[in-house]
Amino acid sequence: MMLAISPLLVPLATALLCTLTLSSPRLQRSVSLGGALALLVCALALLGRVLRLGIISVAVGNWPLPFGIEFSVDRLGVSLVLMAALMLTVTLVWQYSDADAAPASPVLHPLLHGLVAGAGGAFLTADLFNLYVWFEVALICALGLLVQGGALRQLDATLKYFALNLFGTLLLLAAVALLHAATGHLNFTALGEAAARTDTAVMLPLIGMLLLAFLVKAAAFPFFAWLPASYHALPAPVVALFSALLGKIGICALIRTLSGIFPPAPAPLLTMLGWIALLSMLTGVLGAAYHWDMRRILAFHSISQVGYMLLAIALASRAGDAAAILFALHHSLVKAGLFLSAAVIFRQAGHYDLRRIGGLYAARPGLAAIFLLFALALVGIPPLSGFWGKYLIVRASIVQGEYLWAGVALLVGGLTFYSMMKIWLEAFWKPHPDRSWQPPAASRLGPAYGGLGVLALVALWMGFFPEQLMVFVADAATSLHGGAP
Amino acid sequence: MIWAVALALGIVITAGTYLALARDLLRCLIGLALIGNGVNLLLFTTGRLHSDVPPIIGASATTLVVAANPLPQALVLTAIVISFALLCFSLVLAVRLIQSAGSDDVERLRSAEPPAGDAIKPALEEAP
């Protein structure tokens, strides 16, 4: 019982402890890192238990279901929680380096843990209103992290993030209210059973509204404007955590809604979702091709990669869901790795804009190799992790007869390769525009390389030994669809 | 009664949308807050509007028929608290933003995303 809700309790307790140790930054740092490691251990223990026993369900407050607030830990939820714990640990280790670290503000650590608690709650909850509450917890912590620093650029980015995401959560709340009015339930299982008895003409607009709210959160076309406006104003460790968590909250909620609660999902909505996925993939990758600031390029790629996950979800099959889950795990890892390597490039070469830097291959060959690893993994070159995600998506599309979708997915892969090679050629291969440039001699980059190394190892493991993971995501999709893995 | 509330809800959401689309930053945020209150009202009304009947299910019945359902009322309390906190945050943010930018025109707040100049390459930014 306690272990099942530990992904909420541990970060919330750590946030509280970090608030109590505000006056002593050194102690706060250690408490924060300790909390992140405890969360990692709990997530691993929870994963082991879910693998042994299947779905663990906890109804809080001793109320019988469907009235109690239920947390249901399944394979999808626990794998995302584990990813969140890993990213939080890497983020906090990164704070010890001097490569674009977040400003040492006393509220940084409580907000980071609060964000992870919000995301963990959203991954595990089985109650619609509770999902809204966790969305809001994550939103307010993200807003707090965005305004850190308080420069005009950050304030402006916060406003854009705030306006669009608030609209998304209000849409979600309205959908929750109307769904409760139509079915009388909020618990996912009870809601699904009641929805099957309700008229489809009533359910279609309500599920559509829910879907729109999640699409705003996932930064899909045409609701993605908040993402490229805000990500580049963040310091590197925070943007790595954001890219690993925020979009995934929306994606996880979408998978649960369409495959878990309301199967079979209404066909018009799935067609709409498929087109949104295609347009997200294309606009994201074309936006990235236009930009020269590394963070903006990577932020636009996040939109394009969200398109891949939406495509897999729009297939509305077990194979599609399995592909979406594998892709979400791969994307969290690799995109965070890319943002963090960009920060090390910035520390070495002095700028995020590709036109102002260069010559890093001769100066820092190790960094060039790590960046290339993440870049090729994002593109999906075999045998790296992205290949398996894209392979599952394209295969499921072709099996279900969606040749156009498969074709666009492959084309976008090619464009992704173009813009990853743009970064690599400009930052590493071409000579530095300033002839007198020398990489900084003294820098404290040990923790940064340590964090990158861990991410690279996990990405390599996903690439070279995908069998276990493939079985895991297939089981996750089966248990979502109500079967026993 | 329900029709009066529905009409009020429509007016609040309409006014909120109108204000949220304004160029003035404060109007925009007040518009979002109004939409939030409209949605809260919607959540409140989903449990029926009866103030004089106690929400007790009789011995012979299995569902609540006439009285208001207390669950949406509990939910809306949570939603009100959250929207109030977000409103406070957004007002402080707006004041800080107007002070540092020297303008409350949303169209001119472009420091996070500069307007596109060249169609081929974006302008070079000085800050890293």
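Ala377(A) counts as buried because its relative accessibility is 2% (buried means under 20% relative accessible area, exposed over 50% and partly exposed in between, with a 1.4 Å probe and protein chains only). The model is predicted: local features need pLDDT of at least 70, side-chain atom pairs count only at pLDDT 80 or more, and totals for chains, interfaces and linings use all residues. Residues are numbered from 1 along each chain as its sequence is written, chains are lettered from A and ligands numbered from 1 in the order in which they are written, and side-chain values use heavy atoms, with hydrogens and water left out.

**Surroundings of Ala377(A)**

- Ala377(A) sits in helix 15 (residues 365-379) of chain A; helices (H or I, at least four residues) and strands (E, at least two) are DSSP runs, numbered from the N terminus.
- Apart from neighbours within four places in sequence, Ala377(A) is in contact with His330(A), Val334(A), Leu384(A), Ser385(A) and Gly386(A), where contact means heavy atoms within 4.5 Å.
- From C-alpha to C-alpha, Ala377(A) and Phe464(A) are 12 Å apart in space, and 87 residues separate them in sequence.

**Interface of chain A and chain B**

- Contacts link 43 residues of chain A with 43 residues of chain B.
- The two chains, A and B, bury about 3,800 Å² between them, 72% of it on carbon and sulfur atoms; buried area is the accessible area (1.4 Å probe) that two parts lose on being put together, summed over both.
- Of the area that chain A buries against chain B, 15% comes from Leu159(A), Tyr290(A) and Arg355(A), more than from any other three residues.
- The count of salt bridges between chain A and chain B is zero, a salt bridge being a side-chain nitrogen of Lys or Arg within 4 Å of a carboxyl oxygen of Asp or Glu.
- Six residue pairs are in polar contact across the interface of chain A and chain B, both residues at pLDDT 80 or more. A polar contact is a pair of N or O atoms within 3.5 Å; within protein, one must be able to donate a hydrogen and the other to accept it, and residues adjacent in sequence count only if both atoms are side-chain atoms.
- At least two residues each of the side of chain A that touches chain B come from helix 5 (128-147), helix 6 (152-183), helix 9 (226-230) and helix 12 (294-314) of chain A.
- Helix 6 of chain A gives the most to that side, with 18 residues.

**Nonpolar core**

- The largest nonpolar core has 217 residues, and those with the most contacts inside it are Leu115(A), Tyr231(A), Phe242(A) and Leu310(A). Such a core is a set of buried Ala, Val, Leu, Ile, Met, Phe, Trp, Tyr and Cys residues joined through side-chain atoms within 4.5 Å.
- Helix 13 (residues 318-349) of chain A gives the most to this core, with 20 residues.
- Beyond its neighbours within four places in sequence, Leu115(A) has contacts that include Ala138(A), Cys141(A), Leu241(A) and Phe242(A).

**Backbone features in loops**

- Phe221(A) and Pro222(A) are joined by a cis peptide bond, with omega about -5 degrees; Pro222(A) lies in the loop between helix 8 (200-218) and helix 9 of chain A.
- Ala219(A), also placed in the loop between helix 8 and helix 9 of chain A, has a positive phi near 60 degrees although it is not glycine, and it counts as buried at 1% relative accessibility.
- A cis peptide bond with omega about 5 degrees joins Pro382(A) and Pro383(A); Pro383(A) is in the loop between helix 15 and helix 16 (385-399) of chain A.
- Ala316(A), in the loop between helix 12 and helix 13 of chain A, has a positive phi near 50 degrees and is partly exposed, with a relative accessible area of 36%.
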